[in-house]
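Thanks, everyone. Let me put the structure up, and then I'll walk through the sheet, the hairpin and the cores.

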Amino acid sequence: MDRSAEFKRWKAQCLSKADLSRKGSVDEDVIELVQLLNAREQFFTTSSCAGRILLLDGDINGLGVQKQNCCWLLVTHIPCIKDDVMVALKKANGDAVFKFEPFVLHVQCRQLQDAQMLHSVAIDSGFRNSGITVGKRGKIMLAVRSTHGLEVPLSHKGKLMVTEEYIEFLLNIANQKMEENKKRIERFYNCLQLALERETTNSHTKIKEKNNPFCTPKKKRNPEKLRGKCIPEENDKEPEIDDDNDPGINVAIFPKDY
């Protein structure tokens, strides 16, 4: 089976599976983004979270709070108020931890150049912790992530260790991060639309030139005119393609300041 056919099979299998997340559906703030990616033949999403505020109650005998082994006291994808947190804290018996988790998205890509384009869009949209991995079976995965999370312990063995005033302070920070997170998602969606439109335009131009040899001399005689039609800005260039795409090699690409 060739690589393109195998990718189509992976995509069909992934998108036909039931959503096994706690919520059981895609978060409202990223539905359009997920649909945009899944509608393109070179991408499909494997998991996503629009961003959320959490209050977790961990095992008092554990070394840290793990989501699999703790009680979820509070989960919200919208700004939160102090009363909601205080009510949830009354149920805590172990070590309660307050968290804000920003937007995260995992996208499998057909080719490395597709992942590179998506990675550039993510970085330009503020998701500086994004990266590409290539697995041994040739699966190319892009993770869209940022670094503006928040995690603060609030109680120990069921006893509140901070004041209500401090909790309100934390909530203000978390809510501000939630608003910034939403702006970054919107920026990512808009930048992705532009990048895909540009990619489609360039692809159509190449097909037209290939099928109509009479177009080629015109491009050579007047390259500036053609460039103006295909590339609206000076920085809008195709990413370089890494030919080292051996499916038996693990590769990770991250920004310089990762």
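Which strands does helix H3 lie across? Helix H3, residues 82-89, lies across strand E2 (52-58), E3 and E4. Its direction is at about 170° to E3. Angles here run from 0 to 180 degrees between N-to-C directions, with axes as lines fitted to C-alpha atoms, for helices over the stretch in contact. Contact means heavy atoms within 4.5 Å. Helices (H or I, at least four residues) and strands (E, at least two) are DSSP runs, numbered from the N terminus.

Ground rules, quickly. This is a predicted model, where local features need pLDDT of at least 70, side-chain atom pairs count only at pLDDT 80 or more, and totals for chains, interfaces and linings use all residues. Residues are numbered from 1 along each chain as its sequence is written, and side-chain values use heavy atoms, with hydrogens and water left out.

Now the sheet. It is open, with 4 strands in the order E3-E2-E4-E8 and antiparallel pairing. Two strands pair if DSSP finds at least two bridges between them. Strands E3 (71-76) and E8 (150-153) are at the edges; each has a single partner strand, so one side of each has no neighbour in the sheet. From one strand to the next, the twist averages 15°. Strand E4, residues 95-101, is joined to E8 by 4 bridges, and the two run antiparallel. Phe98 has Val152 in E8 as its bridge partner.

Next, the hairpin. E6 and E7 form it, with 5 residues between them. In the turn, Gly138 has a positive phi of about 90°. E6 (residues 131-134) and E7 run antiparallel, joined by 4 bridges. Gly131 stands opposite Ala143 in E7.

Stay on E7, residues 140-144, for Met141. Beyond residues up to four places away in sequence, Met141 touches Thr46, His106, Val107, Gln108, Gly131, Ile132 and Thr133.

Last, the cores. A nonpolar core is a set of buried Ala, Val, Leu, Ile, Met, Phe, Trp, Tyr and Cys residues joined through side-chain atoms within 4.5 Å. Buried means under 20% relative accessible area, with a 1.4 Å probe and protein chains only. Which members of the largest core touch the most others? Phe103, Leu118 and Phe188, out of 29 residues. Helix H2 (31-38), strand E5 (104-109), helix H4 (112-124), E6, E7 and helix H5 (164-211) each give two or more residues. Another core lies apart from it, with 22 residues, among them Leu55, Met86, Phe100 and Val152. That is Val152 again, the bridge partner of Phe98.

Definitions and conventions. Buried means under 20% relative accessible area, exposed over 50%, partly exposed in between (1.4 Å probe, protein chains only).
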